[in-house]
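Please look through the sequence and the structure shown here before reading on. The briefing that follows goes through them topic by topic.

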Amino acid sequence: MNKPHNTFQALVFSLLSGLIFGIGLILAGMANPAKVLAFLDLAGRWDPSLGLVMGGAIAVGVVAFAIAKKRPHSYLGFAIQLPTSRIIDKRLVFGGLVFGMGWGLVGICPAPAFVLVGSGSDKGLIFTVFMMLGMVIFEVLENYRKPKNTPHKS
Amino acid sequence: MLIDWNNFTPWTALAGGALIGLATAIFILFNGRIAGITGILGGLIKPKLQDIGWRIAFIVGLILSPAIWKLFGSLPAIEIEAGNALLAFAGLIVGISTRYGSGCTSGHGVCGISRLSPRSIIATLAFMATGFLTVYVVRHLLGA
């Protein structure tokens, strides 16, 4: 029986993760869309910073996930839920390709979008509202395509 | 390739990246969950009751991070050249496509690569490729 995920501890650690994630983005300069676009502009004056952000995050992440893979439960006693799908399909590739287009158009992806909202950026808010609308549209289309009784997998 | 040495910030990039890594480490090792913003947010659309709280708490953490930063110093500049219509269009396709492809820069790019997931490595290569291509087309072919 898995411990339900709505304990006070779960909320505190979730909030803390979000905060540290956001502060990391700000420190790294990734809450500034112009700096993200400067990384994606290989043919212009190239700013490699985003590559080092990914490198720094992955260096820590590799250790964390190596530990997580060996544990059935988290330190708070929750089940460790790692994705199990290994299928490389059209959805994965096409989703990634289209996401890169949107990202390249404005330099904003989902996590920095919320940091921009918290910074009081009106433009960040517009992006975020439409991003959430896009997710709702996806959900509606998915439910339309699939019969009701198949469980939705995300 | 011309590196912009004036704006390249290797140390804060690495340190900020390490903090992002720390956040994902806390999330998987304490909450048992993947810190993928697409998944956290998308799961709120048809939520299981017990999953609403932690999902919102993570998003609230992201939103509050600039306020915490401001306790210690001023926020770095935010420069967004795109107009409102382009932002809305980009937001819309990012929302649909990240759900369709089951992840974004955080879920596939950071967590997935850290897990050495072949799916996430493919997804990251895909969005990086079109990210580079889109900026090339917009800035160098269309000359915006």
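## Briefing

Helix α1 of chain A is mostly covered, since 16 of its 21 residues are buried, where a residue is called buried if 20 or more other C-beta atoms lie within 10 Å of its own, exposed if 12 or fewer do, and partly exposed in between, with C-beta atoms placed from the backbone. This is a predicted model, in which local features need pLDDT of at least 70 and side-chain atom pairs count only at pLDDT 80 or more, while totals for chains, interfaces and linings use all residues. Residues are numbered from 1 along each chain as its sequence is written, and chains are lettered from A and ligands numbered from 1 in the order in which they are written. Helices (H or I, at least four residues) and strands (E, at least two) are DSSP runs, numbered from the N terminus.

- Just after α1(A) comes Gly29(A), which takes a positive phi of about 85°.
- Helix α6(A), residues 122-145, has 24 residues and reaches 35 Å from its first C-alpha to its last, close to the 34 Å expected at 1.5 Å a residue.
- The buried residues of α6(A) include Lys123(A), Ile126(A), Phe127(A), Phe130(A) and Met135(A).
- These buried residues of α6(A) pack against α4 (90-106) and α5 (110-118) of chain A, together with α2 and α4 of chain B.

**The domains of chain A**

- The domain assignment of chain A gives domain 1 (1-82) and domain 2 (87-154), with bounds that come from an automatic or database domain assignment.
- The centres of domain 1 and domain 2 of chain A, taken over C-alpha atoms, are separated by 18 Å.
- The contact between these domains takes eleven residues from domain 1 of chain A and nine residues from domain 2 of chain A, where two residues are in contact if their C-beta atoms, placed from the backbone, lie within 7 Å.
- On the side of domain 1 of chain A that touches domain 2 of chain A, α1 and α2 (33-40) of chain A each supply at least two residues, and the largest share, five residues, comes from α2(A).
- By class, that side of domain 1 of chain A has ten nonpolar, one polar and no charged residues; Ala, Val, Leu, Ile, Met, Phe, Trp, Tyr, Cys and Pro count as nonpolar, Asp, Glu, Lys and Arg as charged, and the others, Gly among them, as polar.

**Chain B as a whole**

- Along its principal axes, the C-alpha trace of chain B spans about 50 × 40 × 35 Å.
- Of the 144 residues in chain B, 55% are buried.
- Among contacts in chain B between residues at least 6 apart in sequence, 40% join residues at least 24 apart.

**Where the chains meet**

- The contact between the chains takes 109 residues from chain B and 109 residues from chain A.
- The largest share of the side of chain B that touches chain A, 21 residues, comes from α1(B).
- By class, the side of chain B that touches chain A has 66 nonpolar, 33 polar and ten charged residues.
- Strand β1 (residues 45-46) of chain A is joined by two bridges to β1(B), and these strands run parallel; two strands pair if DSSP finds at least two bridges between them.
- Within β1(B), Ile3(B) is the bridge partner of Trp46(A).

**Two loop residues of chain B**

- Ser102(B), in the loop between α4 and α5 of chain B, has a phi near 60°, which is a positive value in a residue other than glycine.
- Ser102(B) is buried, with 24 other C-beta atoms within 10 Å.
- Leu116(B), in the loop between α5 and α6 of chain B, has a positive phi of about 60° although it is not a glycine.
- Leu116(B) counts as partly exposed, with 13 C-beta neighbours inside 10 Å.

Technical notes: Expected span 1.5 Å × (residues − 1).
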